[in-house]
Amino acid sequence: MLKFLCGLFLALTTVVGPCAQAASVLFLNPGTTREAFWVSYSQFMQAAAKNLGMDLRIEYSDRNSDITLKQARDALQGTKRPDYLVFVNEQNIAPEILRLALGSGVKLFIVNNGLSQDQVRLLGARSDKYPDWVGSLVPNDEEGGYLMLKELIRLHPPVAPGQSIDLLAFSGLKLTPSAQLREKGMRRALAEHPEVHLRQLVSSGWTRERAYEQARTLFKRYPQTSLVWSANDEMMFGVMQAFEETGGKPGKDALFGTINNSPAALHALLDNRLSVLLGGHFSLGGWALVQLHDYDEGVDVSQYGGRDRQIPLLQLIDRAQAKRLLSMGAAADFGVDFHKLSAKGRPTSYRYPFSLQTLMH
């Protein structure tokens, strides 16, 4: 009926212009408005939505999965349902959201944390059970954890035969696939370097405060620590604070590595306090909107790399790239023309160029 009325209106008034309603998207942000990563994530999505003419709404859950599920329930069972619901499988909540969405008519898209292998086994073939789940986009978390430790080891001064390098590791939430995968990558790098001893791995829940409290104890317990692996920047800053309180100098007395290109982390890299930084995955939500925009326009996105894809966004950031990312973050639109990335009208050999390089053009 809406399309008929639009056509009638255009015919009667000869007004030229778009009449179709903009696709509406709700993103359930699992983080807080105080976390640089999730704020920049939202900002990049907003830039994409504005460029693509999509109606985007974002709700934060302050790292409380119960709040996320309530937000999902309200969106999927309420009267004002979005066309698309984008969410993160944080704390393994995806199966419950998939269940809530059945019969709602709302299309689902998962970002950052895909389904765990156990969840895939339990859910079975999704095309039959969950026809409205249109895709997922996740980063190379396992490789990110691996690359971080490999680079930390490479930068560490060599040790004499028989001597060891003490490592402390700070992971995120135990139930979050990205934390599990990053930790798996770290252990893969460890297996290649018997001279590195992992003294302790702790789960710090992605938070600065918890990592700080844990690190105060751990640096007393392992005073010879010279490598610190942290699954995100918030935790790394907490650990760094505890290390400085012992009189240690980050970048000199111990090498720190982390993930997330927040302005604070980029500055820490430029100041040589942080030795290894990986980033780029803050862009996943924006890239997801490109795919959803195409899907909404009738493009079969599965022909352009598959419905569920992992993209190598996590990569080592050097100092030149850190400066570029800082200047880019200051621009409201991030300097990206999202329309140009569309697969519409392209041959099926086309692949979405979602990468850090696309941002760095």
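Which residues of helix α4 (residues 94-101) are buried? They are Ala94, Ile97, Leu98, Leu100 and Ala101.

## Basis of the model

This is a predicted model: local features need pLDDT of at least 70, side-chain atom pairs count only at pLDDT 80 or more, and totals for chains, interfaces and linings use all residues. Residues are numbered from 1 along each chain as its sequence is written, and side-chain values use heavy atoms, with hydrogens and water left out.

## Helix α4

Buried means under 20% relative accessible area, exposed over 50%, and partly exposed in between (1.4 Å probe, protein chains only). Helices (H or I, at least four residues) and strands (E, at least two) are DSSP runs, numbered from the N terminus.

The buried residues of α4 are Ala94, Ile97, Leu98, Leu100 and Ala101. They cover an arc of only 160 degrees around the axis, which puts them on the same side of α4. The arc is that of the directions from the helix axis to the C-beta atoms. An α-helix has 3.6 residues a turn, so residues three or four places apart point the same way.

What covers these buried residues includes α3 (65-77), β3 (84-88), β4 (107-111), α5 (117-123) and β5 (133-139). Gly103 follows α4, with a positive phi near 80 degrees.

## Helices α7 and α8

Helix α7 (residues 141-155) packs with helix α8 (residues 177-191) at an angle of about 40 degrees. Their axes are 6 Å apart. Axes are lines fitted to C-alpha atoms, for helices over the stretch in contact, and angles run from 0 to 180 degrees between N-to-C directions.

α7 and α8 are therefore oblique to each other (angles under 35 degrees count as roughly parallel, over 145 as roughly antiparallel, 65 to 115 as roughly perpendicular and the rest as oblique). Contact (heavy atoms within 4.5 Å) involves residues including Tyr146 and Leu149 of α7 and Leu181 and Met186 of α8. By class, this contact has six nonpolar, three polar and seven charged residues. Ala, Val, Leu, Ile, Met, Phe, Trp, Tyr, Cys and Pro count as nonpolar, Asp, Glu, Lys and Arg as charged, and the others, Gly among them, as polar.

## Helices α9 and α10

The axes of helix α9 (residues 208-221) and helix α10 (residues 233-245) come within 7 Å. They cross at roughly 35 degrees. Among the residues that meet are Tyr212 and Phe219 in α9, and Phe237 and Phe243 in α10. The contact has nine nonpolar, two polar and four charged residues.

## Gly345

Gly345 lies in the loop between α13 (319-329) and α14 (356-360). At 82% relative accessibility, Gly345 counts as exposed.
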